[in-house]
Every structure is written in C-alpha cells, then in structure tokens.
Amino acid sequence: MKFQKNELVRLKIEDCGVDGQGIGRADGFTVFVKDGVIGDTVTARIVKAKKTYAYARLEEVIEPSPFRVEPKCPCARPCGGCQLQALSYDRQLDFKTERVRGHLERIGGFSKVPMEPIIGMEEPYFYRNKAQFPVGKSRDGRIITGFYAGRTHTIVENRDCVLGVPENRQVLDRVIGHMERFHIPPYEETTGKGLVRHILIRYGFFTGEIMVCLVLNGDRLPHASLLVEALREIPGMTSIMVNVNRKQTNVILGESLLLLWGKPYITDTIGGISFQISPLSFYQVNPRQTGRLYAKALEYADLHGEETVWDLYCGIGTISLFLAQRAGFVRGVEVVPAAIENARQNARRNGIENVEFFVGKAEEVLPEEYRRNGVYADVIVVDPPRKGCDERVLSTMEEMSPRRIVYVSCDSATLARDLKYLCARGYILEKVCPVDQFAQTVEVETVAKLRRG
Ligand code: SAH
C-alpha cells in the first residue's frame with residue numbers, strides 16, 4: 001500500500017471514470033478523486049487506500065481545468081443525484097460519447113464504431129418531469145426534504161433541484177408547511193414510525209398538468225382538505241393522491257392509491273401521441289429528449305408502411321405507438337401487467353389499431369410465439385433494462401432473422417455485449433447514436449442500428 005488514510009496528495013486529473021469521478025496519478029498510483037474535473041490540478045485527501053490505487057476526496061482546486069464550471073446547484077457536491085455539474089456541458093457530451101465508444105471497443109470488440117454525433121439537450125437543466133423527494137428531520141428536529149446524499153439515506157436539504165421543474169418548489173413548500181402546522185411527523189426509516197415518507201411530483205411538459213402523490217406510512221393525512229386547497233392554488237394542478245406504503249423497505253411506492261382530489265392521472269404527449277400517466281406507471285423522465293430518442297429509433301427502423309415490427313420491453317407502449325404510425329403492424333412485449341394495461345389504453349386513446357400487446361417476459365413470449373405460431377418480423381426493436389437482453393431473446397432474434405434490429409439501451413456495457421453476440425451471427429452494426437437524456441449525471445442512452453448481413 002502506497003498511501004495512508006488521510007494523507008494529502010497533489011495531482012493532476014487526467015481522466016474521468018465511469019461514475020464521473022476524476023482520475024489522476026500520484027507517484028505512479030491511480031487515485032480516484034470524487035468531484036475532480038479533467039484538467040484540474042488539485043490536492044486530495046486519501047479516504048481509502050488499496051494496493052495499486054486509492055480513493056480520495058477533493059480538498060482544494062489549485063489550478064482549475066478549462067472545462068470546470070460553477071455548478072448551478074449549491075448542493076451539487078453532497079447530493080447523490082448529479083455527478084458532472086462542475087464539468088462544462090460540451091465536455092459532458094464528449095465524456096458520454098467516449099464512454100459509449102469505449103464500451104463498444106473493449107467489450108463489443110468493434111474496431112471502427114460507426115458513431116453519429118451525440119444528441120445533446122438545448123437546456124441541460126430543468127428537464128425532469130418527475131421527482132421523488134424523501135421527507136425527514138434535520139439534526140435540530142426541523143422537517144426537511146431534498147435528496148439522498150450519494151450511497152446513503154442522509155437527506156441533503158434542497159427544494160430547488162435544478163434538474164426538476166420550478167413548480168416542485170411550490171408543492172414542497174405547501175406540503176412541508178402543512179406538516180409543520182399540524183405537527184405531522186415524517187417517516188423514520190430506522191423505527192418505522194412517522195407518517196410522510198416521500199413526495200412524488202410529476203409534471204406534463206406539454207400539457208402543464210401537475211400530479212402530487214404523498215407516500216404515507218398509513219392511509220390518512222390529517223386535515224387533508226386544507227392541503228388540497230393550498231395545492232390547488234398552483235396553476236396546472238390536476239391530480240392529488242396518496243400512496244400507501246406501510247412496509248419497512250426502501251422501495252418508494254406501495255401498491256394502493258387513494259385519490260384526494262382531481263383525476264387519478266395526468267396526461268402528456270411525446271411526438272404527437274398522448275399518454276395517461278398514473279403515479280405507478282413508468283414514463284420517460286425527460287420527455288423532450290425522449291421524443292428525439294424515439295425519432296432516432298424510428299429513423300433506424302426505416303419503416304415504409306407495411307412492415308411487421310416487434311417492440312420488446314415496451315413499457316406503456318411509447319415506442320410501439322410511435323412505430324405503429326409508420327408500420328403495418330406492431331407487437332409489444334412487457335413483463336409488468338399494469339404497464340400493458342396502460343399500453344392498450346394509450347393505443348385506444350390515440351385511435352391506433354395496428355398494435356397488439358403481450359404480457360410476459362420477452363425471453364419467454366418471443367420464442368414461444370415464434371415456435372408455436374411462426375410469427376415473423378421485418379424489424380425488431382428492443383429497449384431492455386440495464387442488464388440487457390436475455391440470451392434467449394438474442395438467439396430467437398437470430399432465428400427470426402429480421403432485416404433490421406434497433407437496440408435502445410440505457411447501459412452501453414450490456415449493449416456492447418449483446419451487439420457482439422448479434423454481430424458474430426450475421427448482423428452488421430451500421431450506426432450508433434448516443435442521446436443525452438440525463439444532463440449533469442453520468443448516464444447515457446444509446447440507439448444502435450443493425451442490418452442483416
Ligand atoms: N420502451 C419503454 C420502456 C423501457 S424500460 C419506454 O421507452 O418507455 C424497460 C422495460 O422493460 C420496463 O418497462 C420493464 O418493466 C421491462 N422489462 C424488464 N424485464 C423484462 C423482461 N424480461 N421481459 C419483458 N419486459 C421486461
């Protein structure tokens with residue numbers, strides 16, 4: 001071991017790790033410095049020393065990087081939500097591009113990755129349509145809300161998150177004010193006592209509709225009608241609900257919902273298709289960029305009106321309905337039954353009839369439909385969770401042999417692994433396009449186009 005805990009080292013940050021931490025070298029040892037920005041010369045204090053590398057905390061920036069910017073949010077460092085606020089947005093986009101390219105080269109084994117320029121945001125702040133604020137107490141006993149610090153459940157107090165919409169503040173002030181006025185206790189994770197766990201807020205970017213859902217360790221909020229009155233003053237308020245979660249768990253939402261006022265959902269649109277969103281539904285959190293992401297997926301699908309398309313991992317059918325406007329017929333597969341119910345409703349709402357949805361695991365539904373019913377596909381679109389596609393999905397796709405496969409991915413490492421599988425079996429990687437859905441964080445979405453060779 002080279003370094004001792006608490007030792008101070010001076011180094012230049014030369015690289016950026018996958019979690020956004022700065023990476024530098026001191027005496028030949030690799031040091032990961034949280035909050036260090038590529039190009040900075042810093043002093044950092046060692047917090048954990050290993051044989052060949054160490055973790056350190058940024059102590060002082062001695063010479064700032066030309067890419068260093070002042071974070072918009074005063075809580076950017078302690079809060080676990082953002083990792084890259086101190087890096088200029090252009091550089092964030094470069095970082096994400098290189099991350100995708102690096103995975104495709106190292107894990108996928110591709111040598112010349114056909115990358116298109118990353119699709120960045122016009123306004124890399126205030127883009128999230130959903131926020132879930134935990135409620136708790138400060139050391140001095142005040143009721144507070146904000147976000148968890150990285151890797152812990154300590155609440156960093158903040159009502160003005162710069163990734164969310166300004167309306168959040170108005171909601172939080174009223175809910176916390178109500179709790180203070182009537183001495184309503186926040187939930188305590190350690191004891192399981194207290195009432196208010198989380199405040200979930202959703203905002204329809206295209207409709208201006210707001211949903212507030214209080215997650216309670218119980219089914220009754222004292223003086224609820226007074227809070228409803230206060231929340232209704234906020235323009236756009238459409239839905240006020242309670243979600244009951246009595247379990248001692250870190251899963252935020254429980255199963256049952258009670259309507260306090262308004263509708264049990266809000267409505268929003270992506271690319272001209274409207275969706276009803278309930279507190280429990282999955283919905284993309286950055287609707288502007290999602291429109292662009294889907295447009296890219298549609299471009300890669302290259303549809304002319306007659307094609308049969310499968311959309312695997314379809315959620316509430318957002319991509320399926322987008323594709324259906326240009327395809328002959330679309331079949332969506334999704335494992336969550338409630339999401340499929342939403343998908344069917346969304347199809348009806350929009351008068352889209354050339355779609356069919358299946359509930360089940362993609363790795364079971366697709367092979368079964370192929371073997372038993374001999375289903376066919378011109379194009380298959382997949383949008384799996386982080387762990388990527390099950391091998392049974394990949395092998396069935398290979399057998400079905402569609403002309404094109406469009407892969408939408410939220411984890412470029414598993415994307416690279418799956419593309420390698422398909423490209424070893426006759427597919428050619430034609431294009432890859434990263435899309436930034438989550439500015440200020442290290443996450444990146446990618447769309448890839450494969451053509452049958
Ligand atoms: N395409 C949708 C959702 C993508 S998120 C959209 O853009 O909105 C990934 C989805 O895959 C989630 O809805 C998740 O519930 C679903 N999922 C997870 N594992 C699955 C599996 N094995 N088979 C089918 N769907 C699955």
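**Note on the ligand shell, selected residues and salt bridges**

1. By class, the shell around the ligand is made up of nine nonpolar, four polar and four charged residues, where Ala, Val, Leu, Ile, Met, Phe, Trp, Tyr, Cys and Pro count as nonpolar, Asp, Glu, Lys and Arg as charged, and the others, Gly among them, as polar. This is a predicted model, in which local features need pLDDT of at least 70 and side-chain atom pairs count only at pLDDT 80 or more, while totals for chains, interfaces and linings use all residues. Residues are numbered from 1 along each chain as its sequence is written, and side-chain values use heavy atoms, with hydrogens and water left out.

2. Of the 17 residues around the ligand, those that come nearest are Gln284, Tyr294, Glu334, Ala362 and Asp383; a residue is taken as near if one of its heavy atoms lies within 4 Å. Polar contacts are pairs of N or O atoms within 3.5 Å; within protein, one must be able to donate a hydrogen and the other to accept it, and residues adjacent in sequence count only if both atoms are side-chain atoms. A polar side-chain atom of tyrosine 294 lies 2.6 Å from an oxygen atom of the ligand, and an N or O atom in the side chain of threonine 318 is 2.9 Å from a ligand oxygen atom. Tyrosine 313 takes part through its backbone, with an N or O atom 3.1 Å from a nitrogen atom of the ligand.

3. Taken alone, the ligand exposes 580 Å², of which the protein buries 86%; accessible areas come from the Shrake-Rupley method with a 1.4 Å probe, and for residues only the protein chains shown count as cover. The elements that give two or more residues to the shell around the ligand are α5 (318–324) and α7 (362–373), with helices (H or I, at least four residues) and strands (E, at least two) defined as DSSP runs numbered from the N terminus.

4. Glutamine 289, in helix α4 (residues 287–301), is buried, with a relative accessible area of 2%; the classes used here are buried for under 20%, exposed for over 50% and partly exposed in between (1.4 Å probe, protein chains only). A polar atom of the glutamine 289 side chain lies 3.0 Å from the backbone oxygen of aspartate 436.

5. Tyrosine 187 sits in the loop between α2 (167–181) and β9 (196–203) and is likewise buried, at a relative accessible area of 9%. The C-alpha atoms of tyrosine 187 and valine 135 are separated by 7.2 Å, although these residues are 52 apart along the chain.

6. The structure holds 28 salt bridges, each being a side-chain nitrogen of Lys or Arg within 4 Å of a carboxyl oxygen of Asp or Glu. In one of them, aspartate 140 pairs with arginine 142, the closest N and O atoms being 3.5 Å apart; aspartate 140 is exposed at 59% relative accessible area, whereas arginine 142 is partly exposed at 40%.

7. Where do the partners arginine 159 and aspartate 173 lie? Their side chains meet in a salt bridge of 2.8 Å, N to O. Arginine 159 lies in the loop between β8 (155–157) and α2, and aspartate 173 in helix α2, so the pair ties together parts that are 14 residues apart in sequence. Aspartate 173 is partly exposed, with 30% relative accessibility.

8. Arginine 371 forms a salt bridge with glutamate 399, with the closest N and O atoms 2.9 Å apart. This pair links distant parts of the chain, since arginine 371 is in helix α7 and glutamate 399 in helix α8 (residues 391–400), 28 residues apart. Arginine 371 counts as exposed at 53% relative accessibility, while glutamate 399 is partly exposed at 40%. Elsewhere, salt bridges that share partners join Arg159, Asp160, Arg169 and Asp173 into one network.

9. Asparagine 6, in the segment before β1 (8–16), has a positive phi of about 75° although it is not a glycine, and asparagine 6 is partly exposed at 48% relative accessible area. Aspartate 302, in the loop between α4 and β15 (308–312), has a positive phi of about 50°, again without being a glycine, and aspartate 302 is partly exposed at 31% relative accessibility.
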